[in-house]
Amino acid sequence: MATTVGLIGSKWKLLIIRNLLARPWRFNELKKSLDGISQKVLTDSLRSMEDDGLITRTVYPEVPPRVEYALSELGETLRPILTAMQEWGNAYKETL
């Protein structure tokens, strides 16, 4: 459990992964969708998750360059874990 929390346990990483579960995103799209995240924190989080093999970064040879972030095959294996977390959270809210 500690390994998983170490990889995705920060607030921003979880929210980034939540977005990437739906589709690939561009950097500015992610920044706009994550209210309060700084460019540095987003950049550092994306680099860290790329280094850990959880996401892929694709650069398209266009002018201006287009970069998209998506979940890698390894990152996709987080889907059932995050779905279970969402279901637990929804059930918890219903008990309040």
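I began at Thr 83, which lies in helix α6, residues 79-95. Helices here are DSSP runs of H or I with at least four residues, strands are runs of E with at least two, and both are numbered from the N terminus. Thr 83 is partly exposed, because its relative accessible area is 33%. My cut-offs: buried is under 20% relative accessible area, exposed is over 50%, and partly exposed is in between, with a 1.4 Å probe and protein chains only. I also looked up the distance from Thr 83 to Thr 56. They are 27 residues apart in sequence and 21 Å apart in space, C-alpha to C-alpha.

Note on the model. This is a predicted model, where local features need pLDDT of at least 70 and side-chain atom pairs count only at pLDDT 80 or more, while totals for chains, interfaces and linings use all residues. Residues are numbered from 1 along each chain as its sequence is written, and side-chain values use heavy atoms, with hydrogens and water left out.

Overall layout. I find six helices and three strands in the protein. From the N terminus on, the order is α-α-β-α-α-β-β-α-α. The C-alpha trace spans about 50 × 25 × 20 Å along its principal axes. Of the 96 residues, 29% are buried. I then looked at contacts, meaning heavy atoms within 4.5 Å. Among contacts with a separation of 6 or more, 43% are between residues 24 or more positions apart.

The core. Which residues touch the most other members of the largest nonpolar core? They are Ile 17, Leu 42, Leu 46, Ile 55 and Tyr 69, in a core of 21 residues. Such a core is a set of buried Ala, Val, Leu, Ile, Met, Phe, Trp, Tyr and Cys residues joined through side-chain atoms within 4.5 Å. Two or more residues each come from α2 (11-20), α3 (27-33), α4 (39-51) and β3 (66-71). The largest share is that of α2, with four residues. I followed Ile 17 further. Not counting residues up to four places away in sequence, Ile 17 touches Ile 8, Met 49, Leu 71, Leu 78 and Leu 82.

Helix α2 against α4. I get an angle of about 70° for this packing, with the axes 10 Å apart. Axes are lines fitted to C-alpha atoms, for helices over the stretch in contact, and angles run from 0 to 180 degrees between N-to-C directions. That angle makes α2 roughly perpendicular to α4. The classes are roughly parallel under 35 degrees, roughly antiparallel over 145, roughly perpendicular from 65 to 115, and oblique for the rest. From α2, the contact uses Trp 12, Lys 13, Ile 16 and Ile 17. From α4, it uses Val 41, Leu 42, Ser 45, Leu 46, Ser 48 and Met 49. By type, the contact has seven nonpolar residues, two polar and one charged.

One face of α2. The buried residues of α2 are Trp 12, Lys 13, Ile 16, Ile 17, Asn 19 and Leu 20. They fall within an arc of 155° seen down the axis of α2, so they line one face of the helix. The arc is taken from the directions from the helix axis to the C-beta atoms.

Ser 72 sits in the loop between β3 and α5 (73-76). Ser 72 counts as buried because its relative accessibility is 11%. Beyond its neighbours within four places in sequence, Ser 72 is in contact with Gly 53, Leu 54, Ile 55 and Thr 56. Gly 75 is in helix α5. Is Gly 75 buried or exposed? Gly 75 is buried, at a relative accessible area of 0%.

Pro 64 is in the loop between β2 (55-60) and β3. A cis peptide bond joins Val 63 to Pro 64, with omega about -5°. Most peptide bonds are trans. Lys 32 is in helix α3 and is exposed, at 75% relative accessible area. I find 19 Å between the C-alpha atoms of Lys 32 and Pro 64.

Notes
Nonpolar A, V, L, I, M, F, W, Y, C, P; charged D, E, K, R; others polar.
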